[in-house]
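Please keep the sequence and the model in view while reading.

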Amino acid sequence: MGRHRNDPQGLARIAIIVVAVAVVIGLIAVGGSALVRSMNSESAAPGATASPQEQPAQVLTKGESQQPYAKLEVVGQSVKVYAAEPGNSEVIWNGLFNRGDIRNISWKDLDLTISDASAVRITVKGKRFQLPAKGNISIRFVGGVPELVE
């Protein structure tokens, strides 16, 4: 029988495997906690975890007026609505809105995307804003003035 020698690199290999497993577990923990925080954050994405009826009617950012100047009303079937400050810096709404849901708009600068124009009615300072007959639309509010984005 031959003599059995221990592998001189055996402990190093085991240490590398242990470190790799610890890094993977750490990345999973950090990613999971970030996901949970983003889903629970009301100001970042209120529509992501709760239905539109359960969230506040509006979330104000610093310097915003509390008086709404426009209103979004869902008059058709369910519609996806995404609203964010310009440059996608802060998501205001992101979710499925149902018939009868009303959201007041008090942000003077806002990017709004709606999955079906025929399902919503937008009024600005009491006057109805003309929308296309149907289809996905984007509206940009600049200084409180809405314009369709092509």
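## The five-strand sheet

Five strands form an open sheet in the order β3-β2-β5-β8-β9, with antiparallel pairing, where a strand is a DSSP run of E with at least two residues, a helix is a run of H or I with at least four, and both are numbered from the N terminus; two strands count as paired if DSSP finds at least two bridges between them. At the edges stand β3 and β9 (145–149), each of which pairs on one side only. From one strand to the next the twist averages 15°, taken between axes that are lines fitted to C-alpha atoms (for helices over the stretch in contact), with angles from 0 to 180 degrees between N-to-C directions.

Within this sheet, β2 and β3 run antiparallel and are joined by six bridges, with Lys80 opposite Leu96 in β3. β2 also pairs with β5 in the antiparallel sense, over four bridges, and here Val81 stands opposite Ile114 in β5. The antiparallel pairing of β8 and β9 extends over five bridges, and Arg140 has Glu147 in β9 as its bridge partner.

## Basis of the model

The model is predicted, so that local features need pLDDT of at least 70 and side-chain atom pairs count only at pLDDT 80 or more, whereas totals for chains, interfaces and linings use all residues. Residues are numbered from 1 along each chain as its sequence is written, and side-chain values use heavy atoms, with hydrogens and water left out.

## The four-strand sheet and the overall order

A further open sheet has four strands in the order β4-β1-β6-β7, again with antiparallel pairing. Because β4 (102–105) and β7 (127–129) stand at the edges with a single partner strand each, one side of each is left without a neighbour in the sheet. Neighbouring strands of this sheet are turned by 25° against each other on average, direction ignored. Five bridges join the antiparallel strands β1 and β6, and the bridge partner of Ala70 in β6 is Val124.

The protein has two helices and nine strands, and from the N terminus on its elements run α-α-β-β-β-β-β-β-β-β-β.

## The nonpolar core

The largest nonpolar core has 25 residues, and those with the most contacts inside it are Trp93, Ile105, Leu112, Ile114, Ile122, Ile139 and Phe141; such a core is a set of buried Ala, Val, Leu, Ile, Met, Phe, Trp, Tyr and Cys residues joined through side-chain atoms within 4.5 Å. Two or more residues come from each of β1 (70–74), β2 (79–84), β3 (91–97), β5 (110–114), β6 (120–124) and β8 (137–142).

Leaving aside neighbours within four places in sequence, Ile105 is in contact (heavy atoms within 4.5 Å) with Pro68, Tyr69, Ala70, Leu72, Trp93, Leu110 and Phe141.

## Asp111, a buried acidic residue

Asp111 lies in strand β5 and counts as buried because its relative accessible area is 14%, where buried means under 20%, exposed over 50% and partly exposed in between (1.4 Å probe, protein chains only). Its side chain makes a polar contact with the side chain of Arg140 at 2.8 Å, a polar contact being a pair of N or O atoms within 3.5 Å, of which, within protein, one must be able to donate a hydrogen and the other to accept it, while residues adjacent in sequence count only if both atoms are side-chain atoms.
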